[in-house]
Amino acid sequence: MDFKNFSLAISQTKVARFAEDLAAGKIMSTICKKCRKPYYPPQADCPECMSSDMEWKALKGEGALVTFTKIHVPPEHFAVRQPLMPFSSIQFEPCPIGLLEVEGGLRIMGWIPKVDLKKIKIGMKMKALPQTLPDGKVTIVLEPI
Amino acid sequence: MRKVAVVGIGHGKFGVRSDASLRELAFEAVKACLDDAGIPLKEVDSMVTGIAGDEFSIALQPSAQVHDYIGFHPKPNFRVEGACATGSMALRTGWMNVASGLADFVLVVGVEKMTEVPTSMATDIMGRGGDATWEYPFGMTFPGYYAMIANAHMAEFGTTEEQLAGVAVKNHYYGSLNPYAHMQKPITLDKALTSFTVAHPLKLFDCSLITDGAAALLLASEEKAKAVSKKPVWVAGLGLATDTMRIGDRKSLTSILSAREAAKTAYKMAGVGPSDIHVATVHDCFTIAEIVAYEDLGFCEKGEGGKLIQAKETYVGGKIPVNVDGGLKSKGHPLGATGVSMAVEITKQLRGEAGERQVKNAEMGLSHNVGGTGQVVAVHIFRRE
């Protein structure tokens with residue numbers, strides 16, 4: 001799968017399999033084989049020890065919400081072709097987004113489609129899940145646990 | 001290293017300048033700057049141009065348009081870029097030219113033409129100032145990033161929407177007194193609080209403006225400055241620091257650690273502390289950013305920024321007047337011009353030429369300019385002698 005199905009912008013990267021793994025239901029991180037430092041988003045290189053010998057590991061993706069927002073004035077990509085705005089209605093009710101801190105202190109950004117903005121609280125327990133959208137694009141959602 | 005002074009300042013009208021192109025905006029500021037300094041362009045040795053976005057300029061080397069149009073060739077022109085901190089990085093680069101002895105007079109130009117592209121496109125371009133690969137796919141925008149900081153700050157310290165709006169009210173008030181400002185009308189707290197949401201909890205009046213504009217400085221060596229200027233303003237301290245690309249990797253979501261680091265370096269170089277500063281321009285791209293800046297610069301304790309604005313301590317006459325030129329919020333935020341415009345305002349204040357907005361007997365000023373959400377931050381300290 002083209003990495004662009006996730007990034008919307010670029011196809012070419014050493015960690016392009018990330019999109020393929022999302023489609024297969026996994027959120028992948030990388031770990032430096034030399035110093036064991038974990039990376040999410042996955043990196044092909046470890047600046048900690050300058051090694052490029054990395055291994056892939058699926059994240060459990062459970063943790064606490066660090067912060068969130070709900071963007072009412074979206075960037076052009078999401079505004080012009082409105083149906084491409086994931087989880088938005090025809091009347092354009094945008095979907096909140098958040099940052100979830102999971103195992104190893106890693107933080108995953110994701111859409112929060114199932115919780116009303118008023119009920120989203122920093123610190124709430126959530127799980128990050130891969131999601132394939134109707135147009136074939138892949139992304140990540142955060143759901144309460 | 002040689003001492004470096006600001007001996008000339010120039011500022012064009014900020015706003016939706018549908019009458020002018022990038023190079024024409026730059027010309028206005030350069031002309032005003034050289035007139036102010038009383039130095040002809042032929043005496044200037046070198047030039048630094050700050051332009052943040054090729055995508056806004058719709059050109060690959062927009063700085064060449066500028067040096068060409070002001071007739072600077074064949075002398076050196078060096079372009080710098082650091083998103084919203086571009087202008088301060090241009091000043092720093094100009095300072096390096098003079099301090100090193102490479103040049104005696106350096107022209108620093110900051111300019112951005114942002115309204116040639118539609119607003120939604122401008123939002124898109126700036127959104128990609130975050131991590132264009134890993135964050136942009138979630139529809140992140142610049143207001144979105146600062147909204148995440150605002151929500152974290154509110155949850156941790158109890159900062160309120162009224163306090164955020166208080167920053168907007170102050171900066172619009174001072175913008176109304178600044179003839180170069182994009183928006184020159186005061187607003188009420190109620191108007192700010194009832195404006196539509198851009199990115200929860202930030203509303204329209206929590207956000208700075210998409211603006212065209214230019215500003216320029218003439219820097220000089222100590223010897224030249226003393227020879228040509230009655231009121232040189234000395235660059236006493238410079239700090240530049242960086243932080244992670246992604247907001248998710250930040251150690252703090254309620255502070256911009258690169259701003260703290262840059263401030264520490266600048267204070268140390270100038271041999272001063274926060275309580276020595278008489279007037280400051282800080283990066284209020286969003287109202288929450290000004291509140292966080294108070295804290296990062298040491299104008300108040302961590303978490304107390306909301307109370308500082310509520311007590312009106314950042315107005316002229318308060319503990320530390322901040323953004324009394326209207327700030328990015330009301331003066332506007334043409335990316336490449338912003339840092340240079342901050343230095344223009346501080347120079348005016350230290351010269352005692354700020355008119356109605358003058359901070360009495362201001363001798364020491366500071367500018368704080370944040371690139372993106374803190375990927376790069378420049379803090380400069382200026383001194384009158």
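The following legends describe views of a predicted model.

The model is predicted: local features need pLDDT of at least 70, side-chain atom pairs count only at pLDDT 80 or more, and totals for chains, interfaces and linings use all residues. Residues are numbered from 1 along each chain as its sequence is written, and chains are lettered from A, with ligands numbered from 1, in the order in which they are written.

**View 1. Secondary structure elements of chain A.** Chain A holds three helices and eight strands, where helices (H or I, at least four residues) and strands (E, at least two) are DSSP runs numbered from the N terminus. Their order from the N terminus is α-α-β-β-β-β-α-β-β-β-β. The radius of gyration of chain A, taken over C-alpha atoms, is 16 Å, close to the 15 Å of the globule rule for 145 residues, so chain A is as compact as a globular protein of that length. That rule is 2.2 Å times the number of residues to the power 0.38.

**View 2. The interior of chain A.** Of the 145 residues, 41% count as buried, that is, with 20 or more other C-beta atoms, placed from the backbone, within 10 Å of their own.

**View 3. The side of chain A that touches chain B.** In this region 30 residues of chain A are in contact with 28 residues of chain B, contact requiring C-beta atoms, placed from the backbone, within 7 Å. Elements that each supply at least two residues of this side include β4 (62-69) and β5 (97-101) of chain A. The largest share, five residues, comes from α3(A).

Conventions. A residue is buried if 20 or more other C-beta atoms lie within 10 Å of its own, exposed if 12 or fewer, and partly exposed in between; C-beta atoms are placed from the backbone. Two residues are in contact if their C-beta atoms, placed from the backbone, lie within 7 Å.
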